[in-house]
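The sequence and structure come first.

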Amino acid sequence: RRRRAFGRAVLLPALLLVLCCRAAAERIRYAIPEELGRGSLVGPLARDLGLSPAELPARKLRLSAEKQYFTVSGESGNLYVSERLDREEMCGESASCSVGFEVLVQNPLNVFHVEVAIQDVNDNAPTFSKAALHLEINEFSSPGTRFPLEMARDADVGSNSLLTYQLTANPSFTLAIKEGTDGKKQPELVLERELDREKQSSFELVLTAVDGGDPVRSGTVQVRVNVTDANDNAPVFSKSVYEARVRENVPSGSLVVRVRATDADAGSNGRVSYSFGNVPDGVRALFRVESDSGELRTAGPLDFEEKSKYSFGLEARDGGGLTSHCEVQIDISDENDNAPEITVLSVSSPVPEDAPAGTVVALLKVRDRDSGENGQVWCELSGEAPLSMVSSSVGSYKVVTASALDREQASEHRVTVVARDRGSPSLSSRASLVLEVSDVNDNAPVFEEAAYSAYVAENNAAGAPVVRVRARDADAGANGRVSYWLAGGSAGAAPYVSVEAQSGAVYAQRSFDYEQCREFAVAVRAQDGGAPARSSTATVRVFVLDRNDNAPRVLWPASEAAPGASGSGAASLPAAFEVVPRSAEAGYLVAKVVAVDADAGRNAWLSYELVQASEPALFRVGLHSGEVRTARAVSERDAAKQRVVAVVKDQGQPALSATATLHVVLAESLQEALPELSERAAGGDSPAELQFYLVLALALLSALFLLSVALAVLARLRRA
């Protein structure tokens, strides 16, 4: 109950101290008594860091330490004891004892230093190295003579290790305390009256050592005094305190210091031997004393980092059993025998490429167990990377981004952390860091060409490939996965083509007709799979190539088929005729065949050729003009009615053609040509020709009738 009360009494002020007085930014201190049970509360760590319970899952609060004495709750953020804490085992005889560790939080990455002071409780009783102390005292020793006794040792510190001594009551002896320069109390046995060996040859006393703790603890040792009759001088050291300095790592057996004690007695009573007093076992493991010479030598490796100073007592005993004590203080000199130790506490990998400059990507702890210049460390980064190192506190470093990252230029960065101390010769350590850069959708797809041109022959099959567009995205994963679709185009172009989303292949949706659409343009959009998505657009211009799929069409002379002819027995006239005077010379223009071709290029280039005529030698047709001319002068022997058939051809492959039929009447005038036309109609010319000539005759008669009526009216008017 007292221990729990003491723990509460110590813990409450410590917590108040933490809440009110932090020593420095990013450093938190707690104080707890040793021997707290597992699960005992140390302090509200998350609250002291300024974190609310709702933030804990995202911040991922965790500890980083060489040995896990403590644990943190993921729900409340409180710091608890996870292992038994024994101050004497952890810190030995050091006046102060603390455990330091780092607390890491994520999102953003940061490190905090926590120091927990372990306060001593009185859990160790004073102890003596021997169960009994043996003293040889000459019976002729005068009253007031003092005989040093062994000092007890208490592993606790502070007031818990302050010892007082008590001696059982005896009329011949009392207890005196001699305080040394270091504050230690040396118990001494004081002779109060003369001894008579014949009356009493020995004494049994009990020496009790009591510490200053609450509750107090004590230890006892028996003091056995043997009364002798010769040895009247105790050994005397030349110094009460011997000081020495020795380098760490000296070979075993190296001389540290030589103590010397003299005894005025002769013979065996004056022969002095040396030994350790009440010293810890650790001292006996590192040092040994030559019993005859008093030389103190090393027995094991000395390590400055484990302990830099030793203080213990040596005892000189003569042959008669009288003893004397001295103190030896040994300072260990540091050597640069420890290279810096680099501990990677946390690495935020991968880090997004859009992380701003100064983003913490790694936390390091660098420690050199040496002291002074040997323990002073400077760090640097080796390697080409946009990273820099910033010292956050003593021994802690942050690796931060020095500039913007670009995953497309470098998907990972490898650097080496180099830590060197300032000792001579300098020692160094290296640690490798690999930082992966995660992709951010910061690149839009880029087409290989800004504009594509495709040429497709008309009459293609539906579904035929037209062109393949390709866009590349420098990003990775879904951010670099590109899909395609149509994003518009010229009027009416959308129904003509489609684009495959994955490959970018553009296909024809229908058969193209050059005569209807000679070219069109569509816009193809490429979009990546990022969030938000990025896109770009390219223009695809499709040119339809002509094929010779249209035959020439004759505009004049018109076809002989008369669309208005109907009824049986109706006379018809020729669809097209020309009257050529018999006086026409060679080269006389008879008519011109007019034809067009809906195709283009060579497919629309037309040529004309005479294929049939009543008098083949009488007419000729212009190859490119289509003009029908007389090849010679018309003679009286030539028939009055001539029929000329011309063919019109294009230049396509294969060539297509059409024919034109022209009827020619050789006569000086239209009136002269009418009988020939009537005879032709009576002779069973084609219905179309007969119908034409009949209509022409009716028109002439009607004109003559109207002319006669007009003349008669004019004559009457004139007479009137």
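## Cysteines

Is Cys-91 buried, partly exposed or exposed? Cys-91 is partly exposed, at a relative accessible area of 23%; buried means under 20% relative accessible area, exposed over 50%, and partly exposed in between, with a 1.4 Å probe and protein chains only. Cys-97 has a relative accessible area of 5% and is buried. Cys-326 is buried at 5% relative accessibility, and Cys-517 is buried at 14%.

Cys-91 and Cys-97 form a disulfide with an S to S distance of 1.9 Å. A disulfide here is a pair of cysteine sulfur atoms within 2.5 Å, and by this rule the count is 1. The link between Cys-91 and Cys-97 is right-handed, with 60° about the S-S bond.

## Asn-278

Asn-278 sits in the loop between strand 19 (272-276) and helix 5 (281-286). Helices (H or I, at least four residues) and strands (E, at least two) are DSSP runs numbered from the N terminus. Asn-278 is buried, with a relative accessible area of 17%.

A polar atom of the Asn-278 side chain lies 2.8 Å from the backbone oxygen of Met-151. For the backbone oxygen of Thr-127, the distance to a polar atom of that side chain is 3.2 Å. Leaving out residues up to four places away in sequence, Asn-278 has contacts (heavy atoms within 4.5 Å) that include Phe-128, Ser-129, Glu-150 and Arg-153.

## Basis of the values

The model is predicted: local features need pLDDT of at least 70, side-chain atom pairs count only at pLDDT 80 or more, and totals for chains, interfaces and linings use all residues. Residues are numbered from 1 along each chain as its sequence is written, and side-chain values use heavy atoms, with hydrogens and water left out.

Technical notes: Polar contact = N/O pair within 3.5 Å; in protein donor to acceptor, adjacent residues only side chain to side chain.
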